[in-house]
Amino acid sequence: ENQSVATEPEEEDLDMFVTVKVRAHNGQESLFKMRRDTPVYKLMNAFCSRHGLQRASVRFLFDGVRLGEMETPDMVGLENGDTIDAMLLQVGGSACQ
């Protein structure tokens with residue numbers, strides 16, 4: 001009498017992931033689910049690829065602080081539902097006289 005029983009994923013397994021929104025400069029939002037110990041450069045590359053942007057021209061900010069590529073969600077305190085802002089790099093500008 002072998003029966004396989006489907007079980008709910010353990011709460012521990014669910015805690016390994018975080019779902020965050022990334023908001024583009026034009027207001028578009030994308031959802032990403034990632035492991036808490038995965039470097040955020042993977043999210044950055046996926047976002048840029050999805051939106052047709054060059055990775056070097058986008059800066060990612062969480063609570064106004066720029067994210068480093070090798071930081072993980074756990075390192076910066078990302079929780080489910082948090083929003084990361086993706087800003088286009090602006091070069092130039094000078095003081096008017």
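The model is predicted, and local features need pLDDT of at least 70, side-chain atom pairs count only at pLDDT 80 or more, and totals for chains, interfaces and linings use all residues. Residues are numbered from 1 along each chain as its sequence is written, and side-chain values use heavy atoms, with hydrogens and water left out.

Strands and helices are DSSP runs numbered from the N terminus, a strand (E) having at least two residues and a helix (H or I) at least four.

| Pair | Sense | Bridges | A bridge partner pair |
|---|---|---|---|
| β3 and β5 | antiparallel | 4 bridges | F60 and A86 |
| β3 and β4 (residues 65–66) | antiparallel | 2 bridges | L61 and R66 |

The hairpin of β3 and β4 has 2 residues between the strands, and D63 is found in this loop. The phi of D63 is near 55 degrees, a positive value in a residue other than glycine. Most residues other than glycine have a negative phi. D63 is exposed, because its relative accessible area is 65%.

F60 also belongs to the largest nonpolar core, which has 18 residues, and is among those with the most contacts inside it, together with V20, V22, L43, F47, L67 and I84. A nonpolar core is a set of buried Ala, Val, Leu, Ile, Met, Phe, Trp, Tyr and Cys residues joined through side-chain atoms within 4.5 Å. Two or more residues each come from β1 (17–23), β2 (29–35), α2 (41–51), β3 (58–62) and β5 (83–88), and the largest share, 4 residues, comes from α2. Leaving aside its neighbours within four places in sequence, L43 is in contact (heavy atoms within 4.5 Å) with V20, V22, F32, M34 and I84.

The loop between β2 and α2 holds T38. This residue, T38, is buried, because its relative accessible area is 15%. Once its neighbours within four places in sequence are left aside, T38 is in contact with E71, T72 and P73.

Key
Buried means under 20% relative accessible area, exposed over 50%, partly exposed in between (1.4 Å probe, protein chains only). Two strands pair if DSSP finds at least two bridges between them.
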